[in-house]
Amino acid sequence: MSQPVLDVQNLSVSYAVRTGVLRRIQKETVRDVALQIAEGEIFGLIGESGCGKTTLAKAVCGLVPYTGTVSLCGRDLRSLRRLERSGAVQLVFQNADSALDPCMSVGRLLEEPLIIRKEPKQRRLRAVRETLEAVGLSEEYAGFRAAELSGGQRQRVAIGCALLAAPRLIICDEILASLDVSVQANILNLLSRLNKERGVSFLFISHDIETVCYFCSRIAVMYNGEFIETGSAEDLYAAPSHPYTRRLLGR
């Protein structure tokens, strides 16, 4: 069996919560999670708002403190330098507006990761053109600013920014939530093509279980910070074992 792109064991995340003027307690928002994603796999994470999905995504990217272990491509997350981490995993957020600097052109937004990596200018410009093509935008969009784009186009740019780091895993956190249904389908087709053509693995997070069952090969259901059910999309959709999963499916 090949090495998983992501291997999470006993992952927990706690936050300090104020309960009085001088008193704080630790509240667990993610509790003892185990997760593996294989090379080229599209893995779905489903659950209602507030169940811990985004916190888990941030922990996997090293953006919040956690206990347990997170391994990316066989290496412990804590041992990776910043550039190594960005080359292993990228996170695409729900709200592209807040993720994209409104003062920068699309071309500069896409170029930024390569500037940080000190890539030569001609190579950067070529990569920007190729990335725009990869996410279904023409070269002319390099001169646009995010405010001039539609919601679907902004989300394509956000995906392009993630692609430029050449990650093995991209985490998509509710990236369809604010888009029209027809645009959602186009974004799913884009992710599917990137998965097939580039072999990128995806952790696809959503509250829409129908979409997750359609798009992903395996699914974990999260409730109150824990995984309560994990299995293939086909099996989970046909015969969910947990009452919470059945409720999400309207059964």
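Which residues does I159 touch, not counting residues up to four places away in sequence? The answer is V92, V135, I175, I187, L190, L191 and L194, where contact means heavy atoms within 4.5 Å.

A word on the source. This is a predicted model, in which local features need pLDDT of at least 70 and side-chain atom pairs count only at pLDDT 80 or more, while totals for chains, interfaces and linings use all residues. Residues are numbered from 1 along each chain as its sequence is written, and side-chain values use heavy atoms, with hydrogens and water left out.

Now the core. I159, L191, F204 and I219 have the most contacts inside the largest nonpolar core, which has 49 residues. Helix α6, residues 151–163, gives the most to this core, with six residues. Apart from it lies another core of 33 residues, including L11, V13, V33 and A220. A nonpolar core is a set of buried Ala, Val, Leu, Ile, Met, Phe, Trp, Tyr and Cys residues joined through side-chain atoms within 4.5 Å. Buried means under 20% relative accessible area, exposed over 50%, and partly exposed in between, with a 1.4 Å probe and protein chains only.

Next, the sheet. Four strands form an open antiparallel sheet, in the order β2-β1-β4-β5. Its edge strands, β2 (24–37) and β5 (75–76), each pair on one side only. Two strands pair if DSSP finds at least two bridges between them; helices (H or I, at least four residues) and strands (E, at least two) are DSSP runs, numbered from the N terminus. Five bridges join β1 to β4, residues 67–72, and Q9 stands opposite T69 in β4.

Lastly, Y15 is found in β1, residues 6–18. Y15 is partly exposed, because its relative accessible area is 34%.
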